[in-house]
Amino acid sequence: MSKWKKITVALSIGVMMLTLAGCGGGAKQETSKPVDKKIILGFSQIGAESEWRTANTESIKASAKTAGIELKFSDAQQKQENQIKALRSFIQQKVDVIAFSPVVETGWDAVLQEAKDAKIPVILTDRSVKMSNGKADDYYVTFMGSDFVEEGRRAGKWLVDFMKKDKDPVNVVELQGTVGSAPAIDRKAGFEEILKQNTNYKIIKSQTGDFTRAKGKEVMESFLKSAKAEGQKIDVLYAHNDDMAIGAIQAIEEAGLKPGKDIIIVSIDGVKGAFEAMIAGKLNASIECSPLLGDQLMSAVKDLVAGKTIEKRIVTKESVFPADVAAKELPNRKY
Ligand code: AHR
C-alpha cells in the first residue's frame, strides 16, 4: 500500500470510530466546549414560595460558585409564563446547559422543542414534566429530585401507624400544593394509596394552599369554619409541605384548638421550621424532601459538557422524622 493510501485508510477508520461513538445510547451530550472556557448554566427557579425553595436556591447558587460554573439565575415568581420566557432567553444566549424546576407538569411542549432544536441539553431538577406526545424522556437528559409518590405513601404509613385506629373513623383534611404541580399530584396519589387500604380514614376536605404559609393559614381557617358549620370533627391535617402546615398551625391556635393534639398534623419537607414546630409539640411528623440539589446538578452539568453519559433519573435519598426525634435531629439539619 502506498504511503498516501495508508494515511487515507487510517483517517477513514478514525472518522468511523468517532461516528460510532456519537451513536451510543444513554444521556450523552455532544459538545465542542473548549476546556478552559467557563461553563454557562441557565437556571429557571419557580420562586421563593417556601423555606424549602429558598434552601434550594441557596444550594444551587453556592454549588455553582464552588464548581466555577457561570450561573444565569432567573426567578419566575411562581408563574409558568415567566419560566418559559427565561428558558427562551437562555436559548437565545446559547448557554451550555439549561436546568429548571417546572412549576407545573404540563405546557412545556413548545419551549422544550426549541431547546432541543437548539441542541441545548435540559436538566430537570426537583420536579418533572409531561409532554403532549407522551415522550417527555426525549426532551431532557436527566431528572434529579425526590420521589413524590413515595413521600405521600410515607406520610400515609406514618399516620396509620401513629393513630393505631383499626375501625374508628378518622377525618382528614388535606392542604394540597400548587395546582397541576408534580409534588401536589404525586403526594396526593401516594397518600391516597395508603388510605385506600385503611378505609376508616376519610379525606373530608381538600384544597390547594399553593405551598405557602399565608395560603395554608387561610385555607385551614375555612376548613375549620365549614367543618364546624357541618358538625364535623377534623382529626388529622395532611399538608403537602411544611410551610402550609406552619400556616395552618396558626389558624388552629386562633380557633382555640391545640395543633398536634386536637388535630394530628403530618407534612412534607423537613425544614428547620417544621423541626421547631415538632419540638414545640405542634406538628407530629415531617417527611423529608431534600432541596440540597446544587452539588448533584453542577456535577451533572460538568459531566454533560465533558460528553460523559449521565443517569436519566437521580432519586434523592430521604427519611421520615417523627416529633420524638426532632430535638436530637435539629442541630444536624442543613435547611
Ligand atoms: O417541589 C418541591 C416542593 O416545592 C416542596 O415540597 C415545597 O415546599 C416547594 O415549594
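This is a predicted model: local features need pLDDT of at least 70, side-chain atom pairs count only at pLDDT 80 or more; totals for chains, interfaces and linings use all residues.
**Exercise 1. Determine how helices α3 and α4 are oriented to each other, and which residues make their contact.**

Step 1. Helix α3 covers residues 80–92 and helix α4 covers residues 109–117; their axes lie 10 Å apart, and the packing angle is about 15 degrees.

Step 2. Angles under 35 degrees count as roughly parallel. The helices α3 and α4 are therefore roughly parallel to each other.

Step 3. The crossing in which α3 passes α4 is left-handed.

Step 4. On the α3 side the contact is formed by Ile84, Leu87, Arg88 and Ile91, and on the α4 side by Ala110, Val111, Glu114 and Ala115. By class, these residues comprise six nonpolar and two charged, with no polar residue.

**Exercise 2. Carry out the analysis for α2 and α10, giving the orientation and the composition of the contact.**

Step 1. The axes of α2 and helix α10 (residues 294–305) cross at roughly 45 degrees and come within 8 Å.

Step 2. Consequently, α2 and α10 are oblique to each other.

Step 3. The crossing of α2 past α10 is right-handed.

Step 4. From α2, the residues Ser59, Ile60, Ser63, Ala64 and Ala67 meet Gly294, Asp295, Leu297, Met298 and Lys302 of α10. This contact has five nonpolar, three polar and two charged residues.

**Exercise 3. Describe the largest cavity by its volume and its lining.**

Step 1. The count of cavities of 30 Å³ or more comes to one. The volume of the largest cavity is about 100 Å³.

Step 2. Its lining consists of 13 residues, of which Trp52, Arg53, Arg127, Arg187 and Phe211 are the closest to the centre.

Step 3. The lining of the largest cavity divides into six charged, five nonpolar and two polar residues.

**Exercise 4. Describe the second largest pocket, and state which helix gives the most to its lining.**

Step 1. The volume of the second largest pocket is about 310 Å³.

Step 2. Thirteen residues line this pocket, with Leu224, Lys225, Lys228, Ala255 and Leu257 nearest its centre.

Step 3. The greatest contribution to the lining comes from helix α7 (residues 213–229), which supplies five residues.

Step 4. By class, the lining of the second largest pocket has seven nonpolar, five charged and one polar residue.

How values were computed. Residues are numbered from 1 along each chain as its sequence is written. Side-chain values use heavy atoms; hydrogens and water are left out. On a 1 Å grid over the protein atoms alone, a cavity is a set of points where a 1.4 Å probe fits but cannot get out, and a pocket is an open set with protein on both sides within 12 Å along at least five of seven lines; lining residues have an atom within 4 Å of a point. Grid points are joined across faces, edges and corners, and a volume is the space filled by probe spheres set on the points. Helices (H or I, at least four residues) and strands (E, at least two) are DSSP runs, numbered from the N terminus. Ala, Val, Leu, Ile, Met, Phe, Trp, Tyr, Cys and Pro count as nonpolar, Asp, Glu, Lys and Arg as charged, and the others, Gly among them, as polar. Axes are lines fitted to C-alpha atoms, for helices over the stretch in contact, and angles run from 0 to 180 degrees between N-to-C directions. Angles under 35 degrees count as roughly parallel, over 145 as roughly antiparallel, 65 to 115 as roughly perpendicular and the rest as oblique. A crossing is left-handed if the near helix is turned anticlockwise from the far one by less than a right angle, and right-handed if clockwise. Contact means heavy atoms within 4.5 Å.
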